[in-house]
Amino acid sequence: MRQLIAGNWKMNGRMGSIDAYAKMLRAAPASLFSKADLLICPPAVLLYSLAADLAGSKIMLGVQDCSAHGDGAHTGDLSAAMLQECGAKFVILGHSERRVDHKESDALVRHKAIAAAQAGLTPIICVGENLIERDTLVAESVVRAQLQGSLPDGFAGLIAYEPIWAIGTGRTAECEDIQRMHEVIRAELKTLLGQGGADMRILYGGSVKPSNAEDILATPNVGGALVGGASLNAADLLTIAACARGG
Ligand code: PGA
């Protein structure tokens, strides 16, 4: 299975910096794309310009959220259709920062996933436990419950497992822990979705960087990486993508 390397810029990036970033990505060797799919998720305001910069390349674009509603009276929100029109193919949904900052529930994430799919966007639904849940040995049941609550019927997208304690902390989960949790997620996906769940890519996220990407991407059941901080540097993201094992 080809691995997907997705950069999540979070609330970072400026108009003045995207041309140079795009130029570096465009210079990536063609061989990289035989092993990896590359996706960049900038803030929505930079999407259209980045799409122009990357037009004609193999690099795909996504966003970090979308509304659960279609176009209409929802001040401040962006519909999946608008984002799709500006160049997005994917949308990250239920990232832990949104679950915490905006109190997003599993049910809201599920509704957003439905709206995204209707507009032709592929959702990447994030799940992951916090440190207390890990320490009290309930991480697996927490993640299973998130999947049960967040995935709509017939969900066709990707999952990102992001232990909250490993996001932006420099602390990465051990490969054995990642392998174990990805097995748990795989089993739950098969229960919920049948064959679709057996084939679904499960990304790992949480302090993925050039120095640990090779080990993480070699871990069984890891279908790619969701990269935050390290994706802000195009060279680092390309180094991570070069560790992908695809085919
Ligand atoms: P990080 O973020 O790589 O900076 O830990 C990952 C994420 O939150 O998607």
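Entry 1. Before sorting residues by class, I noted the scheme: Ala, Val, Leu, Ile, Met, Phe, Trp, Tyr, Cys and Pro count as nonpolar, Asp, Glu, Lys and Arg as charged, and the others, Gly among them, as polar. I also noted that the model is predicted.

Entry 2. I applied this scheme to the shell around the ligand and found four nonpolar, seven polar and two charged residues. The ligand is surrounded by 13 residues. Lys-10, His-95, Glu-162, Gly-168 and Ser-207 are the closest.

Entry 3. For Glu-162, a polar side-chain atom is 2.7 Å from an oxygen atom of the ligand. Gly-168 uses its backbone: an N or O atom there lies 2.6 Å from a ligand oxygen atom. I then looked up the ligand's surface, which is 280 Å² exposed when the ligand is taken alone, and the protein buries 96% of that.

Entry 4. I checked where the ligand sits, and the place is the second largest pocket.

Entry 5. I turned to the cysteines and counted zero disulfides in the structure. Cys-41 is in no disulfide, and the nearest cysteine sulfur, that of Cys-126, is 9.5 Å away. Is Cys-41 buried or exposed? Cys-41 counts as buried because its relative accessibility is 0%.

Entry 6. Cys-175 is likewise in no disulfide, with the nearest cysteine sulfur, that of Cys-243, 12 Å away. I recorded Cys-175 as partly exposed, because its relative accessible area is 21%.

Notes
Residues are numbered from 1 along each chain as its sequence is written. This is a predicted model: local features need pLDDT of at least 70, side-chain atom pairs count only at pLDDT 80 or more; totals for chains, interfaces and linings use all residues. Side-chain values use heavy atoms; hydrogens and water are left out. A residue is near a molecule or strand if one of its heavy atoms lies within 4 Å of it. A polar contact is a pair of N or O atoms within 3.5 Å; within protein, one must be able to donate a hydrogen and the other to accept it, and residues adjacent in sequence count only if both atoms are side-chain atoms. Accessible areas come from the Shrake-Rupley method with a 1.4 Å probe; for residues, only the protein chains shown count as cover. On a 1 Å grid over the protein atoms alone, a cavity is a set of points where a 1.4 Å probe fits but cannot get out, and a pocket is an open set with protein on both sides within 12 Å along at least five of seven lines; lining residues have an atom within 4 Å of a point. A molecule sits in a cavity or pocket if more than half of its atoms lie within 2 Å of its grid points. A disulfide is a pair of cysteine sulfur atoms within 2.5 Å. Buried means under 20% relative accessible area, exposed over 50%, partly exposed in between (1.4 Å probe, protein chains only).
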